[in-house]
Amino acid sequence: METRHSSPHFIRCSKRESYHRRFWTKLTILCDTRTHLIAGCLVRPGPSYDFKDWPRVLVEAHRRVVFDQILADSGYDSEANHRFARHQLGIRSTVIACNRRGCAGLPTGTYRRRMASHFARKTYGNRWQVESVFSRNKRLLGSALRARSAGTRQQECYLRVLTHNLMIVRRVA
């Protein structure tokens, strides 16, 4: 999420050293691909690595919705994340394994190696729907956050997630 209303083009063209180039608010979500309802989310300052957010968001979503499979992008690819999803929560995880991104050889770890050799491309094709959720959220609610401090930006992101879910429920009803 953008922290200011200034366009990225303006920030790039300005010759000033800018706060906007280095930090932003990072929203990690887990959504249902059928309904586009957001089941779990985490808001943190960016830039940061995605794979650390996996257990917390997955547990939060698992309390609300029963998932049998989860699709994630390559930022969440780690053996520990696959093991956590399968052993702790009983959820099958599908993530693009390292060799799909051009790494030499098979990845290490039982689940990552299995995914590299038996990748469910058709199932993984539904992962794009989370991008649709982000697009809808930014299109309807705006891409820039109005809050100025980190704490209030975090609250604003959580309110946006709640508003997103309420708009979907209202539309269905």
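The briefing below treats the overall fold, the pocket, the charged pairs, the surface and some local features in turn.

The model is predicted. The protein chain has 173 residues, of which 39% count as buried. Its secondary structure comes to 7 helices and 4 strands.

**Overall fold**

- Read from the N terminus, the elements of the protein chain follow the order α-β-β-α-β-α-β-α-α-α-α.
- Strand 1 covers residues 24-31, and strand 2 covers residues 38-46.
- Helix 2 runs over residues 54-64, strand 3 over 69-72 and helix 6 over 128-141.
- Helix 4 is made of residues 110-117, while helix 7 is made of residues 150-172.

**The largest pocket**

- Rolling a probe the size of a water molecule over the atoms shows where empty space is left.
- The volume of the largest pocket is about 780 Å³.
- There are 32 residues in the lining of this pocket, and those closest to its centre are I29, L30, C31, L71 and V130.
- Four elements each supply at least two residues of the lining: strand 1, helix 2, strand 3 and helix 6.
- Strand 1 makes the greatest contribution to the lining, with 8 residues.
- Sorted by class, the lining of the largest pocket contains 18 nonpolar, 6 polar and 8 charged residues.

**Salt bridges**

- Side chains of opposite charge can pair when their charged atoms come close.
- The whole structure contains 8 salt bridges, and three of them are described here, beginning with the pair D53 and R44.
- The side chains of D53 and R44 form a salt bridge with an N to O distance of 2.9 Å.
- D53 counts as buried because its relative accessibility is 3%, which is under the 20% limit.
- R160 and E156 both belong to helix 7 and lie 4 residues apart, so about one helical turn separates them.
- R160 is buried, with a relative accessible area of 8%, and E156 is buried too, at 17% relative accessibility.

**A nonpolar patch on the surface**

- L159, L162 and L166 make up a nonpolar patch on the surface, and together they have about 310 Å² of accessible area.
- L159 belongs to helix 7.
- L159 counts as exposed because its relative accessibility is 53%, which is over the 50% limit.

**Local backbone features**

- The peptide bond that leads from G46 to P47 is cis, and its omega angle is near 0°.
- P47 is located in the loop between strand 2 and helix 2.
- H36 has a phi angle near 70°, which is a positive value in a residue other than glycine.
- H36 sits in the loop between strand 1 and strand 2.

**Residues separated in sequence**

- Y111 is part of helix 4 and is buried, at 13% relative accessibility.
- Y111 and S78 are separated by 33 residues in sequence, and their C-alpha atoms are 9.1 Å apart in space.
- W54 is part of helix 2 and is buried, with a relative accessible area of 4%.
- W54 and A85 are 31 residues apart along the chain, and a distance of 8.9 Å separates their C-alpha atoms.

Terms used. Residues are numbered from 1 along each chain as its sequence is written. This is a predicted model: local features need pLDDT of at least 70, side-chain atom pairs count only at pLDDT 80 or more; totals for chains, interfaces and linings use all residues. Side-chain values use heavy atoms; hydrogens and water are left out. On a 1 Å grid over the protein atoms alone, a cavity is a set of points where a 1.4 Å probe fits but cannot get out, and a pocket is an open set with protein on both sides within 12 Å along at least five of seven lines; lining residues have an atom within 4 Å of a point. Grid points are joined across faces, edges and corners, and a volume is the space filled by probe spheres set on the points. Ala, Val, Leu, Ile, Met, Phe, Trp, Tyr, Cys and Pro count as nonpolar, Asp, Glu, Lys and Arg as charged, and the others, Gly among them, as polar. Patches are made of residues with over 30% relative accessible area and no salt bridge: like charges are joined within 9 Å, nonpolar side chains (Val, Leu, Ile, Met, Phe, Trp, Tyr) within 5 Å. Accessible areas come from the Shrake-Rupley method with a 1.4 Å probe; for residues, only the protein chains shown count as cover. A salt bridge is a side-chain nitrogen of Lys or Arg within 4 Å of a carboxyl oxygen of Asp or Glu. Buried means under 20% relative accessible area, exposed over 50%, partly exposed in between (1.4 Å probe, protein chains only).
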